[in-house]
Amino acid sequence: LCVHSLSLPHQTNDRSACVQQLIQDCRNNGLVSRALLKEIADGPVYHGGWTVEESATVIEEHFASWPLPSSWTRNITDRDQMPQKEDTIRKNNSIQYRYPDQ
């Protein structure tokens, strides 16, 4: 996911564009999944770069209204991957101080 490969603070513009495009592509292709939401909402965050605040903003901008449109999940065939509102809630409170490429 974009947040790992573009996690450094100076990569904010590229990361933001990548995350926005990924979400749009998943919506358009009916592939908004539990894994996608969990990665954005509850995946690793860093002291700078991809932060808790940035994660929360993306979730609020794109996934605040529930239920999600059925067109966004139309190609999810595994019921376990159907997104739930609880997938948008951060449960992991740890912050990484090393970036993935270090």
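At what angle do helix α3 and helix α4 pack, and how far apart are their axes? The structure is a predicted model, in which local features require pLDDT of at least 70 and side-chain atom pairs count only at pLDDT 80 or more, whereas totals for chains, interfaces and linings use all residues. Residues are numbered from 1 along each chain as its sequence is written, and side-chain values use heavy atoms, with hydrogens and water left out.

Helix α3 (residues 34-42) and helix α4 (residues 52-63) pack at about 140°, with their axes 8 Å apart; axes are lines fitted to C-alpha atoms, for helices over the stretch in contact, and angles run from 0 to 180 degrees between N-to-C directions. Helices (H or I, at least four residues) and strands (E, at least two) are DSSP runs, numbered from the N terminus. The angle makes α3 oblique to α4, a class that holds whatever is not under 35 degrees (roughly parallel), over 145 (roughly antiparallel) or 65 to 115 (roughly perpendicular). Leu37, Ile40 and Ala41 of α3 meet Ser55, Val58, Ile59 and Phe63 of α4, contact meaning heavy atoms within 4.5 Å.

The largest nonpolar core has 16 residues, of which Ile23, Val32, Ile40, Trp50, Val58, Phe63 and Leu68 touch the most other members; such a core is a set of buried Ala, Val, Leu, Ile, Met, Phe, Trp, Tyr and Cys residues joined through side-chain atoms within 4.5 Å, buried being under 20% relative accessible area with a 1.4 Å probe and protein chains only. Its largest share, four residues, comes from α3. Leucine 68 touches Val32, Leu37, Phe63 and Pro83, not counting residues up to four places away in sequence.

How values were computed:
Buried < 20%, exposed > 50% of the residue type's maximum accessible area, 1.4 Å probe, protein only.
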